[in-house]
Amino acid sequence: MSEKPPMNNPEDELAGLWRDQKLEGNKVALEAIRKKTGKFERAIRNRNLMEYVAAAVVVAGFGRTILHAENNFVRAGSVLVVAAAIYIVYALHTRGSSRHLPGDAARMTLVQFHRSSLERQRNLLEDIWRWYILPFVPGLLLNMVGFAVRDGALLNPDRTPAQARHGLNIATFTLFMFGFFFLVAALNKRAARRLQRKINELDAEERQ
Amino acid sequence: MAKEDALFEEAVAEFGPALERLARGYEADPDKRHDLLQEIHVALWQSFKSFDNRCSLRTWVYRVAHNRAVSYVRSIVRKDSKTVGLDTLKAMPDESTDVDVDRNRAIERLLALVQQLPDLDRQIMMLHMEGLDAVSIAEIAGLSSVNVGTKIHRLKKALIHGVRKGGSDV
């Protein structure tokens, strides 16, 4: 019968394996770090810029509609959509970036940082309906009404059956659109509840 | 020399290898690991502007590094992102009857297992394997040292079992 060699001390085995990893050991140059910092900060600014550009596209598109609107419903709806886009950009700007500041990562323990990240994600998911979807609802609704009026489906005493069907199509589309918004909000709320459970677990860990 | 420059040089001299191992514990892909390590270095350098000696340099460095790494991991989309809990590790069948495990394969196995641990478990285990005691880890993590000790005890048993389970040579 072959003898098995003595077992390694499990206390040392893991640490020994961990520290025996072959590392690249590249020298870290301060100048490279400064350059990289600049690059990261530019990437964050570009991301913010994309949000402003997206809002500008919405403003331009609906702004044009304001000028050439077929009726006051469409005009009013487009004004509200433009206002919503401007409001969302303002809210993004004042609520600040979702990233932590560099000093936070050191002032927070690992558990605090975990919790802070989870809370931020949870708040974003809970608020997405209120901050990003709801502002557009009045304007979009008015636009739909405006299209129905434009096409003779609404406020038209001489409405034909074809126009009535068209009005029904617009109403159905509107229902689907808001149904989709509602679904997005509901899914986000569910995800927020899952995050809250993780936060509760972290709280329990801290209390032990 | 600016304060953050001096502190950064000191941190890299003392903790450079530990930071590289830390990046390996979070990211398996070599290119992404390199990016992660750079992000950790940048985060450290930036953070040193507000270093106020309220904690040791070691505590500061490990908090920044781990917190930055966790942010990085969460920000990237992972196709196979799932974590392995302790029960799953313990339930893995033991295919090896040989106590001696090929060293390199054992290291790879350990790394793969660590990368799959839930974030807080991974952080505690990596700090332990870097030689920190439960009290030091508790200060960094924000847990009690008793809780840290309990976690380490359970995680060690599970990781040892996982390392020995896979890839042994006769």
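Me: Among contacts in chain B between residues at least 6 apart in sequence, what share joins residues at least 24 apart?
Reply: Contact here means heavy atoms within 4.5 Å. This is a predicted model, where local features need pLDDT of at least 70, side-chain atom pairs count only at pLDDT 80 or more, and totals for chains, interfaces and linings use all residues; side-chain values use heavy atoms, leaving out hydrogens and water. Residues are numbered from 1 along each chain as its sequence is written, while chains are lettered from A and ligands numbered from 1 in the order in which they are written. For the contacts you ask about, the share is 75%.

Me: How many residues of α6(B) are buried?
Reply: Helices (H or I, at least four residues) and strands (E, at least two) are DSSP runs numbered from the N terminus, and chain B has eight helices and zero strands. Buried means under 20% relative accessible area, exposed over 50%, and partly exposed in between, with a 1.4 Å probe and protein chains only. By that rule 55% of the 170 residues of chain B are buried. In α6(B), from B:D119 to B:M129, the number is eleven of eleven.

Me: Which residues have the most contacts inside the largest nonpolar core?
Reply: A nonpolar core is a set of buried Ala, Val, Leu, Ile, Met, Phe, Trp, Tyr and Cys residues joined through side-chain atoms within 4.5 Å. The largest one holds 67 residues. Beyond neighbours within four places in sequence, the partners of B:F48 include B:L7, B:F8, B:W60 and B:V61. The residues with the most contacts in that core are B:F48 and B:L110.

Me: Which residues of chain B lose the most area to chain A?
Reply: The contact draws on 60 residues from chain B and 45 from chain A. Buried area, the accessible area (1.4 Å probe) that two parts lose on being put together, summed over both, is about 4900 Å² here, with 60% from carbon and sulfur atoms. On the side of chain B, three residues together account for 12% of what that side buries: B:R21, B:N67 and B:M129.

Me: Which element gives the most to the side of chain B that touches chain A?
Reply: Several helices give two or more residues to that side, including α1 (3–26), α3 (57–75) and α8 (145–165) of chain B. One of them contributes ten residues and gives the most, namely α3(B).

Me: How far apart are the closest N and O atoms of B:R164 and A:E13?
Reply: A salt bridge is a side-chain nitrogen of Lys or Arg within 4 Å of a carboxyl oxygen of Asp or Glu, and there are four between chain B and chain A. B:R164 and A:E13 are both buried. Their closest N and O atoms are apart by 2.6 Å.

Me: Why does A:R34 count as partly exposed?
Reply: A:R34 meets A:E31 in a salt bridge (3.0 Å, N to O), and about one helical turn separates the two, because they are three residues apart in helix α2 (residues 30–68) of chain A. A:E31 is partly exposed at 44% relative accessibility. A:R34 counts as partly exposed because its relative accessibility is 32%.

Me: Which helix of chain A holds A:E205, the partner of B:K151?
Reply: B:K151 lies in helix α8 of chain B, so the pair joins two chains. The N to O distance of this salt bridge is 2.9 Å. A:E205 counts as buried at 19% relative accessibility, and its helix in chain A is α7.
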